[in-house]
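Please read it with the structure open.

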Amino acid sequence: MARVLIVGAGLTGSLCAALLRKEVSSLRYLAVWDKAGDSGGRMTTASSPHNPQCTADLGAQYITCTPHYAKKHQTFYDELLAHGILKLLTSPIEGMMMKEGDCNFVAPQGVSSIIKHYLKESGAEVCFRQCVTQINLRNDKWEVIRETGSPEQFDLVVLTMPVPQILQLQGDIVNLISEYQRQQLESVSYSSRYALGLFYEAGTKIDVPWAGQYITSNPCIRFVSIDNKKRNIESSEIGPSLVIHTTVPFGVAYLEHSIEDVQELIFQHLENILPGLPQPVATKCLKWRHSQVTNAAANCPGQMTLHLKPFLACGGDGFTQSNFDGCITSALCVLEALKNHL
Ligand SMILES: Cc1cc2nc3c(=O)[nH]c(=O)nc-3n(C[C@H](O)[C@H](O)[C@H](O)COP(=O)(O)OP(=O)(O)OC[C@H]3O[C@@H](n4cnc5c(N)ncnc54)[C@H](O)[C@@H]3O)c2cc1C
């Protein structure tokens, strides 16, 4: 197998890349392309422009491991724990729903360090600001067209972006998706929400007894976290960071509003939850149009194979569930489908 492209440098894409490298010996060239400027996808970690060590997880917050997946995905957990990439969540998160036997992990260096670990393991050439727009079949190869840059050819392509973004792709792929597959893909739905990161100067005190709190009494804010405290990396030299997630109804209602307006509204509501907060030195507001999967693809075992020769498949949490184990399941299913085809 000569040239392989994985589209999406989120958890599913980075895992697919690492698994492919480990398990497929005939792999010659492996590339991962992402339209964003950094890896992580919805497991992104933002940094303060004033201090790159002052960071905030703006998407996924912690990894919940159930007894079932502790066994099933043990090697994945063991590896990340052995590298110190995951640590037990020990700080209090008020209002968190815990089931018996579950345990929670955080990533001290930010949740995107999980993705960076897998990308490094994969040895892939990782290219950012590469937005794929078209996929065409040319002489038994995939010709992949991006917004800027010349088209490139690959023998095998795996798409890991949220399903609505797969459905936006143009070119031959439009006709390669069967009517039944299109219906399955169109049935995948996501919630929407905003995330706001606030970065503070070193020495700033945010005096609350918790590291995170689920809010049930505010129409705008669902979750607040003192992110560095949640990750147990409080230090006198690095300022604290705060993460705010909005409720889904707020996210949906303000989906097409400007980020500036939404940020202002979140600030106003935050004043009711944490009155008199100090002024942050920097802020970062993100819109998660496709936040968490509310309806995964029906009758679909973790991936969807769109074409066999050459191989084209899609994976991601849209085919399983929106969490760490959902992405592992999907990446393993992509690998299985691909190995069956080789
Ligand atoms: C606010 C929020 C909170 C969450 N909380 C948790 C949590 O606490 N615990 C948990 O386990 N999970 C949580 N999740 C879910 C978890 O983050 C996702 O399930 C997981 O990150 C999905 O990974 P993925 O690789 O499948 O998709 P993504 O992370 O979305 O990766 C897809 C990548 O594809 C790229 N892309 C899209 N279109 C194109 C294109 N045309 N060309 C090139 N690249 C493209 C995107 O830039 C992105 O990087 C949360 C998610 C959100 C948004």
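The model is predicted, so local features need pLDDT of at least 70 and side-chain atom pairs count only at pLDDT 80 or more, while totals for chains, interfaces and linings use all residues. Residues are numbered from 1 along each chain as its sequence is written, and side-chain values use heavy atoms, with hydrogens and water left out.

**Cavities**

- The search runs on a 1 Å grid over the protein atoms alone; a cavity is a set of points where a 1.4 Å probe fits but cannot get out, and a lining residue has an atom within 4 Å of a point.
- Grid points are joined across faces, edges and corners, and a volume is the space filled by probe spheres set on the points.
- Over the whole structure, 2 cavities of 30 Å³ or more are found.
- The largest cavity holds about 50 Å³, and its lining consists of Q53, C54, T55, N228, R231, I233, S235, I238, G239 and S241.
- Strand 4 (residues 51-57) contributes the most to that lining, with 3 residues; helices (H or I, at least four residues) and strands (E, at least two) are DSSP runs numbered from the N terminus.
- Sorted by class, the lining of the largest cavity has 3 nonpolar, 6 polar and 1 charged residues; Ala, Val, Leu, Ile, Met, Phe, Trp, Tyr, Cys and Pro count as nonpolar, Asp, Glu, Lys and Arg as charged, and the others, Gly among them, as polar.
- The second largest cavity has a volume of about 40 Å³ and is lined by L15, A18, L19, K22, F76, E79, Y118 and E121.
- Two or more residues of this second lining come from each of helix 1 (11-23), helix 3 (74-82) and helix 4 (112-122), and helix 1 has the largest share, 4 residues.
- The lining of the second largest cavity has 5 nonpolar, no polar and 3 charged residues.

**Second largest pocket**

- A pocket is an open set of points with protein on both sides within 12 Å along at least five of seven lines.
- The second largest pocket has about 250 Å³ of space.
- Its lining comprises 14 residues, and T204, K205, I206, E234 and P240 lie nearest its centre.
- That lining divides into 4 nonpolar, 6 polar and 4 charged residues.

**Salt bridges**

- The structure has 12 salt bridges, counted where a side-chain nitrogen of Lys or Arg is within 4 Å of a carboxyl oxygen of Asp or Glu.
- E23 and K339 form a salt bridge at 2.7 Å, N to O; E23 is in helix 1 and K339 in helix 11 (residues 324-341), 316 residues apart.
- E23 is partly exposed at 39% relative accessibility, and K339 is partly exposed at 32%; buried means under 20% relative accessible area, exposed over 50%, and partly exposed in between (1.4 Å probe, protein chains only).
- R42 and D317 also form a salt bridge, at 2.7 Å, N to O.
- R42 lies in the loop between strand 2 (29-33) and strand 3 (45-48), and D317 in the loop between strand 22 (311-315) and helix 11, 275 residues apart.
- R42 is partly exposed at 21%, whereas D317 is buried at 6%.
- In the salt bridge of E143 with R138, the closest N and O atoms are 3.7 Å apart; E143 is buried at 14% and R138 partly exposed at 36%.

**Strand pairing**

- Strand 3 and strand 4 pair in the antiparallel sense over 4 bridges; two strands pair if DSSP finds at least two bridges between them.
- A hairpin of 2 residues joins strand 3 to strand 4, and S47 stands opposite T55 in strand 4.

**Aromatic pairs**

- The structure holds 6 aromatic pairs; rings of Phe, Tyr and Trp (its six-membered ring) pair if their centres lie within 6.5 Å, and planes under 30 degrees apart count as stacked, over 60 as edge-to-face and the rest as tilted.
- W33 and F154 are edge-to-face, 5.6 Å centre to centre with 85 degrees between the planes.
- W33 is in strand 2 and F154 in strand 12 (residues 152-154), 121 residues apart; both W33 and F154 are buried.
- Y194 and F250 are edge-to-face, 6.4 Å centre to centre with 75 degrees between the planes.
- Y194 lies in strand 15 (residues 193-199) and F250 in helix 9 (residues 248-253), so this pair ties together parts 56 residues apart in sequence.
- Y194 is buried at 0% relative accessible area, and F250 is buried at 6%.
- One aromatic cluster is formed by Y77, F105 and F324.
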